[in-house]
Amino acid sequence: MSITAERRAALVTDYATSSGDTGSPEVQVALLSERIVNLTEHLKTHAKDFHSRRGLLVLVGRRRRLLDYLKAKNQGRYEALIGRLNLRR
């Protein structure tokens, strides 16, 4: 259910804006999106796991706030990111 170290490193290198970048909104949104996908798959088989469902909603809200921040700061980076992650909106 968690992200492996190799997968995390791959996401960081794919979405980093410069070398050594781990905290940009693009990287954070990509990591959150991976965790959201994993939790969604978990909830498909464990429908009554309400603690994980609440965690999923918290992650979705955090990703939404980061995307809103990125949209306010730089519209082009926002559109490129949602295009790469296949997110609606």
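These legends describe close-up views of a predicted model of one protein chain.

**View 1**
The protein chain holds 4 helices and 0 strands. Read from the N terminus, its elements run α-α-α-α. The C-alpha trace spans about 40 × 30 × 20 Å along its principal axes. Of the contacts with a separation of 6 or more, 50% join residues 24 or more positions apart.

The chain has 89 residues, and 33% of them are buried. Its accessible surface comes to about 6000 Å². Carbon and sulfur atoms hold 53% of that surface. The chain carries 17 positive and 9 negative charges. Side chains of opposite charge can pair when their charged atoms come close. The structure holds 4 salt bridges.

**View 1. Glu 34 and Arg 7 link helix 2 to helix 1.**
Glu 34 forms a salt bridge with Arg 7. The closest N and O atoms are 3.1 Å apart. Glu 34 lies in helix 2, residues 25-45, and Arg 7 lies in helix 1, residues 5-15, so the pair ties together parts that are 27 residues apart in sequence. Is Glu 34 buried or exposed? Glu 34 counts as buried because its relative accessibility is 17%, and buried means under 20%. Arg 7, at 36% relative accessibility, counts as partly exposed.

**View 2. Arg 77 and Glu 26 link helix 4 to helix 2.**
The side chains of Arg 77 and Glu 26 meet in a salt bridge. The distance from N to O is 2.6 Å. Which parts of the chain does this pair tie together? Arg 77 lies in helix 4, residues 75-85, while Glu 26 lies in helix 2. The parts joined are therefore 51 residues apart in sequence. Glu 26 is buried, with a relative accessibility of 8%. Arg 77 is partly exposed, with a relative accessibility of 34%.

**View 3. Asp 68 and Arg 64 pair within helix 3.**
A salt bridge joins the side chains of Asp 68 and Arg 64. Here the N to O distance is 3.2 Å. Both residues belong to helix 3, residues 50-73. They are 4 residues apart, so about one helical turn separates them. Asp 68 counts as partly exposed at 36% relative accessibility. Arg 64 also counts as partly exposed, at 23% relative accessibility.

Thr 45 is exposed because its relative accessible area is 61%, and exposed means over 50%.

Notes. Residues are numbered from 1 along each chain as its sequence is written. This is a predicted model: local features need pLDDT of at least 70, side-chain atom pairs count only at pLDDT 80 or more; totals for chains, interfaces and linings use all residues. Side-chain values use heavy atoms; hydrogens and water are left out. Helices (H or I, at least four residues) and strands (E, at least two) are DSSP runs, numbered from the N terminus. Buried means under 20% relative accessible area, exposed over 50%, partly exposed in between (1.4 Å probe, protein chains only). Contact means heavy atoms within 4.5 Å. Accessible areas come from the Shrake-Rupley method with a 1.4 Å probe; for residues, only the protein chains shown count as cover. Lys and Arg count as positive and Asp and Glu as negative; His and the chain ends are not counted. The place of a charge is taken as NZ of Lys, CZ of Arg, CG of Asp or CD of Glu.
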